[in-house]
Amino acid sequence: MTTGIHHVTSITADVQANVDFYMGFLGLNLVKQTGGFEDAEQLHLFYGAPDGRPGTLVSFMVWEATGRGRTGLGQVSEIAFAVPTDSLGEWMMRAISANIPAEGPIREFGEPVLRLKDPDGLIIKLVASEAALGSGSVTAPCYIRGVTILSDRAEETNRFLGHFGYSVSRTEDSVTRLKSDTDVVDVHSVTGFVPSVKGAGVPDHVAFRAPDTQALNALRETLKDHVPTMVRELHYFSSFYVRDSSGLSIECATDLPGLTVNEPVEKLGQTLQFPPEVMFFIADDLRIKLPQFSRPGEMRGPKRDLPFVHRFYWPEDPDGSTIVLLHGPSGDEADLMPLAHRINPRAALLGVRARATEEGNLRWFRREGEGTFDQKDIRAEAAAFNAFLAGAIRGYALEADKLMLLGYSNGADMIGALACLYPDSVKQAVLLRPMPALSGDISADKGEGRLLLLSGADDNLVPPQGGETLRNALEGHGYRVDHQSISAGHWMVDADEAAIAAWLMA
C-alpha cells in the first residue's frame, strides 16, 4: 500500500496573513475551508495541489489573535515542500522582496534546502528535488517532501514510525532520516529540550496515509500497545490518533473518500463547508461568526493596530451602519455576531475582545467581589475603549452617526459606564441584562443618545431592579431610555431579538 504523509495540521493566529503566505507567496491552492468539524466554532483551512490529494496537504486551525506557541519535544518542528532543483535562487529573491525571513540555501542529506518562516513563525523548508515538476522558474511546491520531528527518545520514535511504513535511511549529526514510498521524516534527537506548547506557529500533528478503512483498522490493531483512539469518521477521511513515548501525536487517515466528496475538483475550497449533521440555522450562525478573509487579488479592507483585539464581519450589501459588539463573560468578539446580523443583515459588525481576565474568562473590567467592581479598572478600560472607538471610526472610515453599540451582561455594563463617562461615544445602544457598575464622578456633558435596556424577569444574577437603577441613572444623565423586562433568565432568548427589532423600528 502507498505510505507517507497524508497532511500536516498547524495553528494560525491571523487567517488573512496565513492565506497571503500559503496562497499568495507559496502559490498553493485553498482546497477546503470547513467549520464545525473539530471545534464547533473554528475555521479550518486546507491548502495543497489543485485536486486536493493526500501528500500535498497542509491545514491550519484558525485561532485568531492567539499567542505564539512553543515548538518542543514530541512535535513537528518543520514542514518541507519539494520544488524544482533550479528554483531556490528565485525563491530566495522572492522571499527577500516579500520581507519573509529566509535562511540558506544549505545542503541537508545531499539536497539544497531553503528555510522560510510563515507569518506565525512556523519553519517551511523548500527542498530542491529532481522529483519536483517544473524547471527554471518559481512554481507552487509540488508535494510535501517531509517533516522534521523533535524527540528525546529518537530510537523509540524511529521504531514507532516503522508502523507507518518508514525505515531508517541515513544519519547526519543528530538527525536520522526515515523514508517511505513517497517522502521522508527527519527525527532530530534532542535532549534537555523544553516540551511543546500549543499556539500559533506550532504544528498540532502530522497525519500518515492509509488507503481505506480496512487498512486503517488493521494498522490500529498493530498499535494497541500505544493506546490509539477510536476511529472517527470526519466526512473527508476516517482516522485515529496515537502517541509515541516522546509525546509525538500522530494521526492516521484514509485517502478516501477525499476532499472531493462534497465539492467537484474545479470548485474545491470556494465555499465554507460544514459537517452533514450541522443544522442549517447553526451553519448560518457559524458563517457569521467565523473570521472572513480575502484571497490574493481580491479587494480587502484595511487592518488597523488598535488597543483591543477586534474582528469585522462585512455584509455583501452594506447600508453604511455598524454595530459594535461587546460580549459577556467567558465570551469572545464573535459571540454576538449572529444576533446582530439577524437584527440588521446589512450592517457591518465590529466584534471587540475584552482585555481583563478572571479565572481564564474574558471580562471588560475586574471584579473585587460578587457585584462589586474595580472602579479604577472600569475607568481605565472605558478610556481605552473610547480611544478604540475613535480610532476605529477614523481607521476604517465608519459613519459615526450610524454606529450602534450592543452589549451583553458585563459588555452591557461597560456600555453603561461608557455612556456616563464619554457620552459623545454612545448615540445608540442596546444593553442586554445590564446592571450599574460605575460609581463616583461622571462626565459633566449630558448624553443625547437613545438606549434600550433588556432585563430578564427571572434573572438570578442581575434582577430587573438593577436595570431599573441603571435606567434612572442614564435618564438623569440626559439619555432617552427604554427599559423592558422580558420573560427570561440571564441568558439571551428569542424575545430579546424581537424586542430589539421593534425598538429599532419605533
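Helix H7 (residues 375–395) packs against helix H8 (residues 410–421) at an angle of about 80°, and the two axes lie 10 Å apart. H7 is therefore roughly perpendicular to H8. On the H7 side, the contact is made by Ile378, Arg379, Glu381, Ala382, Phe385, Asn386 and Leu389. H8 contributes Met414, Ala417, Leu418 and Leu421. The model that shows this packing is predicted.

Step back to the whole chain. The protein chain has 10 helices and 28 strands. Its C-alpha trace spans about 80 × 50 × 45 Å along the principal axes. There are 506 residues, and 55% of them count as buried. Take the contacts with a separation of 6 or more: residues 24 or more positions apart account for 68% of them.

The largest nonpolar core holds 61 residues. Tyr22, Leu26, Tyr47, Val58, Leu126 and Phe164 touch the most other members. Helix H1 gives the most to this core, with 6 residues.

Tyr47 deserves a longer look. Beyond its neighbours within four places in sequence, Tyr47 is in contact with Asn18, Val19, Tyr22, Met23, Leu28, Asn29, Leu30 and Val31, and also with Thr56, Leu57, Val58 and Phe60.

The aromatic pairs come next. A search of the whole structure finds 17 of them. One is formed by Tyr22 and Tyr47, and it is stacked. The ring centres are 5.4 Å apart, with 25° between the planes. This pair links distant parts of the chain. Tyr22 sits in helix H1 (residues 15–25), Tyr47 in strand S3 (residues 43–48), and 25 residues separate them. Tyr22 has a relative accessible area of 1%, so it is buried. Tyr47 is at 0% relative accessibility and therefore counts as buried.

A second pair joins Phe164 and Phe208. Here the rings are tilted: 5.1 Å centre to centre, with 35° between the planes. This pair, too, links distant parts of the chain, with its residues 44 apart. Phe164 belongs to the loop between helix H3 (154–161) and strand S10 (167–172), while Phe208 is in strand S13 (residues 205–210). Both Phe164 and Phe208 are buried.

Rings also meet charges. The charged end of Arg355 sits over the ring of Phe308, 4.4 Å from the ring centre. Arg450 lies over the face of Trp503, at 4.1 Å from the ring centre.

Next, a buried threonine. Thr322 is found in strand S19 (residues 322–326). Its relative accessible area is 3%, so Thr322 is buried. Leaving out residues up to four places away in sequence, Thr322 touches Ala348, Leu350, Leu398, Lys402, Leu403 and Met404.

Finally, the backbone. Most residues other than glycine have a negative phi, and most peptide bonds are trans. What follows departs from that pattern. A cis peptide bond joins Gly104 and Pro105, with omega about 5°. Pro105 lies in strand S6 (residues 102–108). Another cis peptide bond joins Leu256 and Pro257, with omega about 10°. Pro257 is in strand S16 (residues 249–257).

Two residues have a positive phi without being glycine. For Asp173, phi is about 55°. Asp173 lies in the loop between S10 and strand S11 (175–179). Its relative accessibility is 81%, so Asp173 counts as exposed. For Glu359, phi is near 55°. Glu359 lies in the loop between strand S21 (356–358) and strand S22 (361–363). With a relative accessible area of 80%, Glu359 is likewise exposed.

Conventions: Residues are numbered from 1 along each chain as its sequence is written. This is a predicted model: local features need pLDDT of at least 70, side-chain atom pairs count only at pLDDT 80 or more; totals for chains, interfaces and linings use all residues. Side-chain values use heavy atoms; hydrogens and water are left out. Rings of Phe, Tyr and Trp (its six-membered ring) pair if their centres lie within 6.5 Å; planes under 30 degrees apart count as stacked, over 60 as edge-to-face and the rest as tilted. Helices (H or I, at least four residues) and strands (E, at least two) are DSSP runs, numbered from the N terminus. Buried means under 20% relative accessible area, exposed over 50%, partly exposed in between (1.4 Å probe, protein chains only). A charge sits over a ring if NZ of Lys or CZ of Arg is within 6 Å of the ring centre and within 35 degrees of the ring normal. A nonpolar core is a set of buried Ala, Val, Leu, Ile, Met, Phe, Trp, Tyr and Cys residues joined through side-chain atoms within 4.5 Å. Contact means heavy atoms within 4.5 Å. Axes are lines fitted to C-alpha atoms, for helices over the stretch in contact, and angles run from 0 to 180 degrees between N-to-C directions. Angles under 35 degrees count as roughly parallel, over 145 as roughly antiparallel, 65 to 115 as roughly perpendicular and the rest as oblique.
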